[in-house]
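Me: I'm new to this one. Could you walk me through it and say where the labels come from?

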Amino acid sequence: MSEVLFIHKKNKTDFKHFSNRIVNAGPKTLCIDKVNADFLKESIQQADYLFINIFRNEIRGFAAVYHDNFQGKHLHISLLCNSKQSSMKTRKHIPKLGGKAIINAVLEYGKKIKVKDVRLDAIKEVIPYYYNLGFRF
């Protein structure tokens, strides 16, 4: 079963463990071609939170999120990646979560801590996807 884990930077052991796993997997495994390894590392280092999509103990995606206190309290998604799912049909259909589940987890956490809004950075290839989810640029 797929799930989205929430890791706070204050939980240093888990944060370091999952950060290393994400960096070692690299952008070619988890992200689209437009993301480079340096940007991935920088996003992880600046993050206050990691939202990690796990399927069978394997990282399928993540969001690096930090607090943005410019003109109020906001959450900011600096990088969101989720590997593509195989279209192959199997006898046992096990649901896998995607990028939308990660975004929903970030939005729910934002409501919980009462931020004004959630902001994100996006490359032009994914702007229509985020636009359909309600983000405006």
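Me: What makes strand 1 and strand 2 partners, and do they run parallel or antiparallel?

Reply: They are joined by 7 bridges and run antiparallel. Two strands pair if DSSP finds at least two bridges between them, so these two count as paired. Strands here are DSSP E runs of at least two residues, and helices are H or I runs of at least four, numbered from the N terminus. This is a predicted model: local features need pLDDT of at least 70, side-chain atom pairs 80 or more, while totals for chains, interfaces and linings use all residues. Residues are numbered from 1 along each chain, and side-chain values use heavy atoms, without hydrogens and water.

Me: What makes the set around Ile22 a nonpolar core?

Reply: The term means buried Ala, Val, Leu, Ile, Met, Phe, Trp, Tyr and Cys residues joined through side-chain atoms within 4.5 Å. Buried is under 20% relative accessible area (1.4 Å probe, protein chains only). The largest such core has 18 residues, and Ile22, Leu50, Ile52 and Phe62 touch the most other members. Helix 1 (12-25) and strand 2 (49-55) are among the elements giving two or more residues to this core. Apart from it lies another core of 17 residues, including Phe51 and Ile102.

Technical notes: Buried means under 20% relative accessible area, exposed over 50%, partly exposed in between (1.4 Å probe, protein chains only).
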